[in-house]
Amino acid sequence: MATFVLVPGGWHGAWSFEQVVPLLGRAGHTVHALTLTGLRPDDDEATVAAANLDTHADDVLRLLDEARLTGVTLVGHSYGGMVITVAADRARGRVARLVHLDAYVPRDGDSCWSSTSEEYRQAFLSGAAGTGYSVLPPAGGDPRRRPHPLASLVQTARLTGVVDEVPQREFVY
């Protein structure tokens, strides 16, 4: 069976996968759903302000190290596509498959900011107006959503090309 690491999109945490985790588990898979740094309910303002794309890729790598995972499938939803791409590039061959679930697919030098629409850029700016470092979630939606660290949305992905060696890549839109 497979080992899945599920990375949520902007403003979301591990809870966004609460319906799929038990299904994968019942099918015999091992599943780890992450809540990224700066999006956890107990994260303080300094943690949110400092969190960026590197921090989020490190969250994935830390899980791989601590759980001694290899041959994993990284699944990234929306912004999570940025995270899984950067993490896979740094994971030294421990990733067997990437699944971009309606997600950004960055190349070296891309950011969420540079890859998104003008509408989302304006939402990021207006959402960050209150603090300057975290973007409030868009109106409506799940009340568990958290302000998203602005630095993670504007930081560029620095890729070495190792991610291109991941044996399987899938894109779901």
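Strand 4 (95-101) and strand 7 (168-172) run parallel and are joined by five bridges; two strands count as paired if DSSP finds at least two bridges between them. Within this pair, Leu101 stands opposite Val172 in strand 7. The model is a predicted one, in which local features need pLDDT of at least 70 and side-chain atom pairs count only at pLDDT 80 or more, while totals for chains, interfaces and linings use all residues. Residues are numbered from 1 along each chain as its sequence is written, and side-chain values use heavy atoms, with hydrogens and water left out.

- Five strands form an open sheet in the order 2-1-3-4-7, with parallel pairing.
- Its edges are strand 2 (30-33) and strand 7 (168-172), each of which pairs on one side only.
- From one strand to the next, the twist averages 15°.
- Strands of a sheet pair through backbone hydrogen bonds, either parallel or antiparallel.
- Strand 1 (residues 3-7) runs parallel to strand 3 (residues 72-77), and four bridges join them.
- In that pairing, Leu6 stands opposite Val75 in strand 3.
- Six bridges link strand 3 and strand 4 in the parallel sense, with Leu74 opposite Leu98 in strand 4.

**Helices and the sheet**

- Helix 3 (residues 53-66) lies across strand 1, strand 2 and strand 3, running at about 155° to strand 1.
- Helix 4 (residues 80-90) lies across strand 1, strand 3, strand 4 and strand 7, at about 150° to strand 3.
- These angles run from 0 to 180 degrees between N-to-C directions, with axes fitted to C-alpha atoms, for helices over the stretch in contact.
- Strand 3, helix 4 and strand 4 make a right-handed β-α-β unit: with the strands pointing away from the viewer, the path from the first strand over the helix to the second runs clockwise.

**The whole chain**

- The chain has seven helices and seven strands, which are DSSP runs numbered from the N terminus (helices: H or I, at least four residues; strands: E, at least two).
- The radius of gyration, 15 Å, is close to the 16 Å that the globule rule gives for 173 residues, so the chain is as compact as a globular protein of that length; the radius is taken over C-alpha atoms, and the rule is 2.2 Å times the number of residues to the power 0.38.
- Among contacts (heavy atoms within 4.5 Å) between residues at least 6 apart in sequence, 69% join residues at least 24 apart.
- Buried residues make up 43% of the 173 residues, where buried means under 20% relative accessible area with a 1.4 Å probe, counting protein chains only.

Notes:
Buried < 20%, exposed > 50% of the residue type's maximum accessible area, 1.4 Å probe, protein only.
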